[in-house]
Amino acid sequence: MSGTQTGRGAAPPAVELRGITKRFPGVVANHDIDIEVAAGTVHAIVGENGAGKSTLMKTLYGMHRPDEGTIAVNGARVDLNSPAAAIGHGIGMVHQHFMLADNLTVLENVVLGAEREHGIGAAARKRIRALSEQYGLGVDPDRLMEELGVGDRQRVEILKVLYRGANIVILDEPTAVLVPQEVEELFGNLRELKREGLTVIFISHKLDEVLGVADTITVIRRGTTVDTVAPADVTARELATLMVGGELPVPELSESTVTDEVMLRVEGLRVESADGRAAVDDLSLSIRRGEIVGIAGVEGNGQSELIEAIMGMRPAARGSLTLGGVDITAWETRRIREAGVGYVPEDRHRHGILLESPLWENRVLGHQTRRPSANGVWIDAAAAKADTRRIVDAYDVRTPGVDVLADALSGGNQQKLIVGREMSGEPRVLVAAHPTRGVDVGAQAAIWEHLRRARAQGLAVLLVSADLDELIGMSDSLHVILRGRLVAEADPATVTPERLGSAMTGAGLDEGTGEGTVESVEEGTGEGADQSDQPDRSDQPDRSDRPDPAAPDTPGTPDTGTQRPDDEDPA
Ligand SMILES: Nc1ncnc2c1ncn2[C@@H]1O[C@H](COP(=O)(O)OP(=O)(O)OP(=O)(O)O)[C@@H](O)[C@H]1O
Ligand SMILES: [Mg+2]
């Protein structure tokens with residue numbers, strides 16, 4: 001249905017992609033793509049994992065050249081052979097992983113690599129203030145990056161792109177890590193951009209969000225554009241059908257499988273960051289066989305540290321961890337894994353996958369001492385490959401084979417591979433951070449089903465997720481974490497995402513109807529959320545083929561994203 005531009009006035013489309021084809025070895029990532037993005041609109045692109053969305057956006061951002069097809073910007077043919085060229089034509093891209101240096105200020109982050117625009121001093125500060133004002137971003141140039149929460153960081157990323165003169169802004173899965181309130185704020189920002197005449201291209205797997213914010217939606221399936229629709233004309237269900245030809249899945253548990261047997265017990269745990277502050281403080285919880293325990297919280301409130309302590313990647317400053325009655329507090333990661341603890345990490349590129357290794361070697365990762373990956377002390381490549389094929393089948397990992405590099409998989413498919421690997425070998429406990437992050441609706445349903453089955457067989461799961469529907473639907477019991485402490489317990493049977501979301505920010509734990517679906521555990525949590533303890537924000541499948549001048553390499557910004565200096569890779 002492309003090419004049906006209702007020429008209001010003579011304004012040409014902001015972006016016109018015609019007949020775009022992009023091949024990778026063994027894969028046609030995009031073919032015969034036709035998209036017309038009207039100026040001053042929010043244009044969403046949806047499609048299942050591996051459909052070719054990120055590849056297309058990288059083409060538009062000059063990170064690689066298409067094999068065929070043409071690109072026009074504001075009516076004129078362009079040759080976008082680098083991100084610098086794309087920026088030259090007013091195209092900016094906000095990467096999903098934040099490329100900001102924590103130890104620098106907002107100002108420093110924004111001007112880095114764009115010193116030519118307004119220098120690095122007063123003029124730059126003035127420009128940032130003006131942009132922030134104009135687009136309602138609420139960005140203070142003099143704040144230290146590490147003091148900012150996730151939503152603020154994202155606004156800095158957007159501002160950074162605007163600072164470079166972008167009037168066409170690409171956002172690849174910007175909402176995956178945001179809680180509902182932050183999503184609302186982001187959408188407010190997008191509407192503001194639109195009001196100012198900017199054009200936004202937006203990729204998301206959350207179809208209700210897409211319907212809420214987009215003016216036009218293009219569906220990509222198996223590399224090509226199959227339809228362009230107006231949100232008023234489709235439901236989320238219909239959109240899901242267009243995307244994956246399937247139903248919209250609902251996260252839910254059937255009858256309880258919870259037993260009396262405690263599999264994992266955390267008692268009085270304290271985990272400290274490098275400067276001695278408590279990232280997790282006096283935290284106790286237990287997970288029984290057949291139970292899924294959910295942790296809700298705004299990112300950066302100690303979830304990462306809790307998980308890493310359980311996995312032996314960070315020391316416990318106080319307290320204890322027991323697995324099936326055995327004290328594992330001092331155990332190292334490998335021993336914990338060997339004792340039957342699966343781990344889906346929050347940041348798959350730092351802890352989950354080796355992008356430069358083939359899939360089957362990634363199957364072995366973290367499992368190198370066990371069958372089928374190992375036979376005695378030897379890695380059993382044939383068995384590992386066979387088992388990788390099993391995972392690829394069971395989890396529907398879209399790949400030409402198990403010998404391709406993990407880097408060649410789309411973001412969602414990398415995630416499916418990791419979840420499949422960690423569910424292998426009948427773990428007793430699964431520690432899962434955002435197991436379906438970036439995964440399409442069809443694959444999400446499959447992962448939930450795998451979790452349900454494993455739970456029925458006795459798996460104990462610690463589930464951390466920013467997707468509140470998932471958290472509520474898949475948890476037997478649910479805790480709220482705030483500033484490193486469990487501050488409330490919610491009843492998954494009755495709590496709503498909205499109430500859970502407000503409990504997570506520490507605002508009004510008992511606010512609302514007083515039904516008591518969220519019970520405050522402690523006093524004194526009334527102020528806003530403290531997001532000073534920011535997590536890693538590098539959960540991002542997309543790696544540039546070309547350096548991105550808007551994402552300069554600074555000491556604090558390794559190419560997989562920004563890590564805090566006190567957050568060294570503990571592995
Ligand atoms: N650098 C690469 N080398 C080889 N194949 C690649 C490369 N990048 C992407 N692909 C392949 O191109 C196809 C499209 O991938 P892409 O990342 O664009 O998907 P996507 O729609 O963004 O999916 P997701 O929702 O999972 O992020 C996939 O089959 C992927 O395996
Ligand atoms: Mg992608």
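Predicted model: local features only at pLDDT ≥ 70, side-chain atom pairs only at ≥ 80, totals over all residues.
## The shell around ligand 1

Ligand 1 is surrounded by 22 residues. Phe24, Ala29, Ser54, Ser410 and Gly412 are the closest. By class, the shell holds eleven polar, seven nonpolar and four charged residues.

Three elements each give at least two residues to this shell: β2 (27-37), α1 (53-60) and α15 (411-422). Domain 1 (1-90 + 167-179 + 191-247) and domain 3 (262-520) each contribute at least three residues to the shell around ligand 1.

Strand β6 covers residues 91-94. In a regular strand, side chains alternate between the two faces of the sheet. Here both faces of β6 are covered. Ile91 and Met93 are buried on one side. Gly92 and Val94 are buried on the other.

β6 pairs with strand β7 (residues 168-172). The two run in the parallel sense, over four bridges. Within this pairing, glycine 92 sits opposite valine 169 of β7.

## Helix α14

Helix α14 takes in residues 381-394, 14 residues in total. At 1.5 Å a residue, the helix should span 20 Å, and the C-alpha atoms at its ends are 20 Å apart, so the two values agree.

Which residues of α14 are buried? They are Ala384, Lys385, Asp387, Thr388, Ile391 and Val392. Viewed down the axis of α14, these buried residues fall within an arc of 165 degrees, so they line one face of the helix. Ala382 and Asp393 are exposed on the other side of α14. Just after the helix comes aspartate 396, with a positive phi of about 55 degrees.

## The four-stranded open sheet

Four strands form an open sheet with antiparallel pairing. Their order is β12-β11-β14-β15. The edges belong to β12 (278-288) and β15 (326-327). Each edge strand has a single partner, so one side of each has no neighbour in the sheet.

Strand β11 (residues 262-272) and strand β14 (residues 318-323) run antiparallel. Five bridges join β11 to β14. Arginine 265 has threonine 322, in β14, as its bridge partner.

Conventions. Residues numbered from 1 in each chain as written. Chains lettered and ligands numbered in written order. Near = placed C-beta within 6 Å. Nonpolar A, V, L, I, M, F, W, Y, C, P; charged D, E, K, R; others polar. Domains from an automatic or database assignment. Buried ≥ 20, exposed ≤ 12 C-beta atoms within 10 Å, placed from the backbone. Pairing = 2+ DSSP bridges. Expected span 1.5 Å × (residues − 1). Arc of directions from axis to C-beta.
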